[in-house]
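Trainee: Before we look at any feature, could you show me the model and take me through how you would read it?

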Amino acid sequence: SYYEVNKERFRLPSRARWERITVKAEKCSSRQAAFEIAAYLRSRALGVTVNPPAEFSKEKIESQIGGWTELASIPSDTERLALKQLRPGGISNPGETRDVWCLVRELERSDDGYQPVALGADRIRYEILAERKREAELRLIGTLRSQSQIWTVFDSPGQTKTTHETF
C-alpha cells in the first residue's frame, strides 16, 4: 500500500543505450564529402550494400557508445529528438551541427514507467521504518514536554512553569 500511495516517487524516465557516429568536415576535403561518408555509414547500418565514397577512411569516423542515459539529459536537441523517434536498432538520418555530420543509433530503450515493487522493496522498507522512527521520536518528545517542568535561575524558588513550547 505504501508503494501505491507513493507510486510517483518510483517513476522511471525514458532511457536509452545509444551510439553516436560523427564525421568532421575538417577531416574531409569538403562538407559534401563528410556528408557522403555519413550517408554511406547510415546505408551500411541499414543493411544496404553500397560502395564507399572516394574519401572514405576509418580515421575520419568517430564513434561513441553512450551507456543508459535518460533522454531528457541528452544535451543536443537533435540527438534527443532522434532518439525519441527511433526504436531499438534504428539509425537517424545524418544531421549537421557546426561542420560535424552526426548519426545516432539506438541500441536499447527503456520507456518511462514505474520501478517494480520487488526492486524497490529495500527502499520502501527503509522509508517506512524511518517514518515510524520519526513518529515515535515525536511522540516521545511530546510526552516529555508535557511532563517536564521548566525553570530558570530567574524564577523565584519554588516557582515552576510547565511549557509546551518548542526547543
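Mentor: Let us begin with a convention for residue classes: Ala, Val, Leu, Ile, Met, Phe, Trp, Tyr, Cys and Pro count as nonpolar, Asp, Glu, Lys and Arg as charged, and the others, Gly among them, as polar. Keep in mind throughout that this is a predicted model.

Trainee: How many nonpolar, polar and charged residues are in the lining of the largest pocket?

Mentor: The general idea is that rolling a probe the size of a water molecule over the atoms shows where empty space is left. Here the largest pocket has a volume of about 400 Å³, and among the 19 residues that line this pocket, Ser 76, Thr 78, Glu 79, Thr 97 and Cys 102 are the closest to its centre. Sorted by class, the lining comprises five nonpolar, eight polar and six charged residues.

Trainee: Which elements each supply at least two residues of that lining?

Mentor: They are β2 (15-24), β3, α3 (77-85), β4 (95-97) and β5 (100-110). To place them, note that the protein has four helices and six strands, and that from the N terminus on the order is α-β-β-α-β-α-β-β-β-α.

Trainee: How many aromatic pairs does a search of the whole structure find?

Mentor: A pair of aromatic rings is described by the distance of the centres and the angle of the planes. The search finds three aromatic pairs, including that of Tyr 40 and Phe 56, which is edge-to-face, with 5.0 Å from centre to centre and 65 degrees between the planes. Because Tyr 40 lies in helix α2 (residues 31-45) and Phe 56 in the loop between α2 and β3 (61-70), the pair ties together parts that are 16 residues apart in sequence.

Trainee: Is Tyr 40 buried or exposed?

Mentor: Tyr 40 is buried, its relative accessible area being 10%, while Phe 56 is partly exposed, with a relative accessible area of 27%.

Trainee: Where does the charged end of Lys 7 sit?

Mentor: The charged end of Lys 7 sits over the ring of Tyr 114, at 4.7 Å from its centre; likewise, the charged end of Arg 123 sits over the ring of Phe 10, 4.5 Å from the centre of that ring.

Terms used
Residues numbered from 1 in each chain as written. Predicted model: local features only at pLDDT ≥ 70, side-chain atom pairs only at ≥ 80, totals over all residues. Heavy atoms only, no water. Phe/Tyr/Trp six-rings, centres within 6.5 Å; stacked < 30°, edge-to-face > 60°. Buried < 20%, exposed > 50% of the residue type's maximum accessible area, 1.4 Å probe, protein only. Lys NZ or Arg CZ within 6 Å of the ring centre and 35° of its normal. 1 Å grid on protein atoms, 1.4 Å probe; cavity = no way out; pocket = protein on both sides within 12 Å on 5 of 7 lines; lining within 4 Å. Points joined across faces, edges and corners; volume = space filled by probe spheres on them.
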